[in-house]
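Please look over the sequence and the structure shown here before reading the briefing that follows.

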Amino acid sequence: MSESPIHCLVVSTRAESNVPALVADAHALGVTNLAHIEKHDLYFLRGELEPAQLNQLAVELLTDPVTHTFVWRNDGDMSDVQALEVALRPGVTDPVAHEIVRAAHALGITAVEEAATGQRYTFRGALAKPLATDDLLTLARRLLANDVIQRYAIGEIEPTFPQDAHALGVVETIPLTELTDGELLALSRDRRAALDLNEMRAIQSYYRSRGRQATDVEFEMIAQTWSEHCVHKTFKANISLSSLVSNPPTVINGILKTYLRAATDKISAPWVRSAFVDNAGILDFDDEHEISFKVETHNHPSAIEPFGGANTGVGGVIRDILGVSAKPIAATDVLCFGPQELDPGQLPENVLHPRRIRSGVIAGVQDYGNKIGIPTVSGAIYYDEGYTANPLVFCGCVGIAPKDKHPRAPQPGDRIIVLGGRTGRDGLRGATFSSMTMDAQTAQIAGASVQIGDPITEKGLIEVITRARDAELYTAITDCGAGGLSSAVGEMASDTGAEVALDDVRLKYPGLAPWEIWLSEAQERMVLAVPPQSVNALNALCDTYSVELTDIGAFNDSGHTRVHYGSRQVLDLENHFLHHGIPQRHLTATPPPPSNARQAAPANFEQRLLDLLSHPNIASKSDVIRLYDHEVQGGTVVKPLTGAQNDGPSDAVALKPIGTQGARGIVLSCGLNPEYGKHDAYGMALSVIDEAVRNAVAVGADPSRIALLDNFCWGDPKRPETLGALVEAARGCHDGALLFGAPFVSGKDSLNNEYLGADGARHAIPPTLLISAIGYLDNVGDAVTMDLKRAGNLVYRVGILSESDAIVPPLAPETPRVYRALHQAMRAGLVRACHDSSEGGLAVSAAEMCIGGRLGMSIELESPAALFRETNGTLLVEIEPQNAAAFEEHFRTLLQALANLGSVTDHPKLEIRANGKTLVSHTLDSLVSAWNRGPGRYPET
Amino acid sequence: MLPKALILHATGTNRDHDAARALDLAGAQPEIVPLLHLRAGSRRWRDYQMLVLPGGFAYADALGAGKLLALDLNLYFADAVNDFVAAGKPVLGICNGFQALVKAGLLPSPDGTPERDPGRATLTFNAKGHFECRWVTLRAASQKCIWTRGMNETIYCPIAHGEGNFQLADSRDLERLRARDQIALRYARGDGAAAAGAYPLNPNGSLDDIAGVCNPQGNVLGLMPHPEDHIFNYQHPRHTRGECGQSGLPLFVNGVQYAAQI
């Protein structure tokens, strides 16, 4: 162990830099006498360094002479101010520390052995009164540090560097052949394997028949491979429905097969190149290119470490796209949080406040997407109390690749090559972690499951992999996600066999046990099968882009996965058992009947509209959208914000991928409505499919070529009602997909989104189904946006208005025909603006169009009930008067789906009438200001 | 012969393809060159007539945006870049590239000296304290800068940065930059009138609405916004309202035409 001294540099800004947002958050936590917080950066350097070298490092590397001042801690007495210091726990990814060592060495100061970073906060109380120690601890725990990845100290902190914590190479034997049922379950629990008794018995019987015991490496690999996260056992389970609703079959042999894949098979779209097989769904784009789309969730990690959880969620889904040999061209994010104004006293034990979760998650998405250079273009933010303890973070990625360039068959003799980041103890058992209910202890136990991403390393992977693909240097590729190398290599070798030498895996720090190396979910790694003669060429590419390459073994045709550590074989599993040995689960489902709840009829229309516009789920999200770079790669044709002042909410986004010829574009949209999920899961599924399709159609996507992705986030499926609602939602997916001829090409489920409070109370999320849609725009120049364009134009309602006031609105069977007619009118150039009507009904939709175009509108509805009623299949469109007849002609067989409501005005006012009475009359200014007044704005500007 | 443009790719560079497309459209022959190929000598500076440092997050912006790329420029390529600049070849730093040029001391050199003069200016955190992506209007302000010379129309293009706030260590340097006509681009209102510091017209709080500065010789330009992302009509945020412009392109055309002459 090194005895070199540690030097600490404190860097401050020249201008006094109070952080008002932190002061406000501190007041919200009850630390009301805080007046002022300043943040300083800490850099720790270990090494025998001369004063001149320290000065050079401070001046040339660690500070900006224009804006910073600095002091080496040993040179100054800082004890006269109240301070709190925060540093990362050992082993947490710290790219800045890595760069400091690299740059110091480049400057010739090679005595710098290690570096670490931290923050120092200094405080002033109101009226110069110092803060109480309890208050400082509250600020540390609840605002400034996250115990999961950070340490803190009042006063000065000492950095810690990763230490050798384990003896090298220890492999435990797990004697499980003689265990009783109770002992098997205890074993599953103790190792956090999340396996049930049947599964444990299957493992036991495998080892009994082989006449030996399991190693810990083997047991952990089986647990990961058989986890809900990796194998989706609920979606493959045999389910008995205990009551009949709408006459579904009484036994369902797999939700995935029965509903989702079945819909795709029945639709059999020729432009779908790969559905449910690869890491992402793959579609035709043009003659030369294919596009891929995948949406993942990273919910549990985001609950306990919001920044890192969301950050690595983005990184993970980008690797899914790299895993189909595609270049990532767009990112999407849909976020669900608890109410931002929640009383901190109402929080379940050890749950972070929704404000903190929100700001951390958004910062995590921003950090990864912006740094890696992928535009974050599409998304949504939704607030509901049900997400307080279980936020949802859906991260999506779209890729483009030349056709038929994605190889999928490793050959015996191919080398197993790991590219990218090194392996550490981070992210152990993430797959099983995400498959369990959380409780107050989860953050402590699962700390190792959460990581911070390193987008720059992953950017290097994009550079190398796209070039390696073009040069045909590999025969198969997959990402290292949940389960780490065990899952990646295991999956790739499932039809062949593999032999791995664990001691060849490059580690971030020494001391990992073999099972930890095999299971680690360290980020930014990909596994490739590389023919021996191509390894040198790949190595040269890696050198150019500063990506590490490690050869850890070879594929073979043994039908076994074998892992060695030194001279010992620590794992030998038959692939058939590993990948097909899991017993099918048998579950019981009791679908809850749809509720009879009705949409409320408001009394004060005028106020209701303003309230809706400033409702957190409807109000402008521009403050968040602008934190994301949605322009990089230069292909964002319909932007998330649009209109006269670039602030109207687009229904969908359109992209023209760089490097493609012709005028074709991609359209991305989504549908999400957990409120409906609380009342009628089947109806919700139909509604959100319609919403996603409608949003895509609104910007000009061809409704006959839209593909869908499903992401189910649900509670514990062992409860029959919870599973029943899931079955109903899946049935809705099937029926909705068939109705629109829109196949599912990829999907993912995240179950067990529940939090068990210390008081025994369950906090489950509302049933949540995100539908992401991807479609095409034949000519990006023909895109339509939602902002009103010109006074004097006519406003039509398109779509069949339902008479029902059910919370979950019905979906008219003619809706696909309506969308086709609308699309034909768009292709003919007849539609100037188009906006869907969803939350808040036609009134909100009309108001948003006015805001987008900074123009007025004067319309007459069929009845007052149509003002705010939420409907499916409905849009508002703007048509020039001279095109009215041509436009109406497109709907001649759908007359009930068209109504001329009024016109666009240059009088800056929205006026809505019904039965001759004015229901709403608002100035444009009041609409804009209500819409920009959503609570929980971040950051405060 | 089309001028060859070297687009420098460092670890974390991400708008290299955007820049290549703009240069291609402007009539250059762009080549994205990994920094390590220059270090290894498999690519040579003298084979190129222009240099572009594109946007991105070189080395993750660790220790300040552009800081570590600046270190590379000064440690490995000091002579090569000096020769390139002294030869009068056009050099353009966009966003992260601008940050690197400033932190390397290649911009703005307020004393008019050709030597590197670091520490005189910086691009620090936006006044709002966070990253921001939005479209801005720029007004060309320098006849000395070969990239903006003769440009009468405004440029409309996006910004996407968290550290674009141009500040000087010595406020008297502002007068020196003005006097030498080194303030190449300013944030402006849509009609071209001065932004006068008003957010979001001036999106980051930059001194004197400065969006871009050039060196005393006028051949090196650094700017925070991304004209390379407005070279097609469909990139304009209001192309569905009949607005268009490709107004990011002329800057590249200027640079390419200048490179073609030398």
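**Chain A and its partner**

In this predicted model, 47 residues of chain A are in contact with 44 residues of chain B, where two residues are in contact if their C-beta atoms, placed from the backbone, lie within 7 Å. Local features need pLDDT of at least 70 and side-chain atom pairs count only at pLDDT 80 or more, while totals for chains, interfaces and linings use all residues. Residues are numbered from 1 along each chain as its sequence is written, and chains are lettered from A and ligands numbered from 1 in the order in which they are written.

**The side that touches chain B**
- The elements of chain A that give two or more residues to this side are α2 (51–62), α3 (95–106), α13 (354–372), α16 (455–470) and α19 (535–544), helices being DSSP runs of H or I with at least four residues and strands runs of E with at least two, numbered from the N terminus.
- Of these, α3(A) gives the most, with five residues.

**Two packed helices**
- Helix α12 (residues 306–322) of chain A packs with α13(A) at an angle of about 35°, their axes 7 Å apart, with axes fitted as lines to C-alpha atoms over the stretch in contact and angles running from 0 to 180 degrees between N-to-C directions.
- Among the residues that meet are A:P306 and A:F307 in α12(A), and A:R356 and A:I357 in α13(A).

**Chain A as a whole**
- The secondary structure of chain A comes to 29 helices and 42 strands.
- The C-alpha atoms of chain A fill a box of roughly 85 × 75 × 60 Å, taken along the principal axes.
- Residues 24 or more positions apart account for 82% of the contacts in chain A with a separation of 6 or more.
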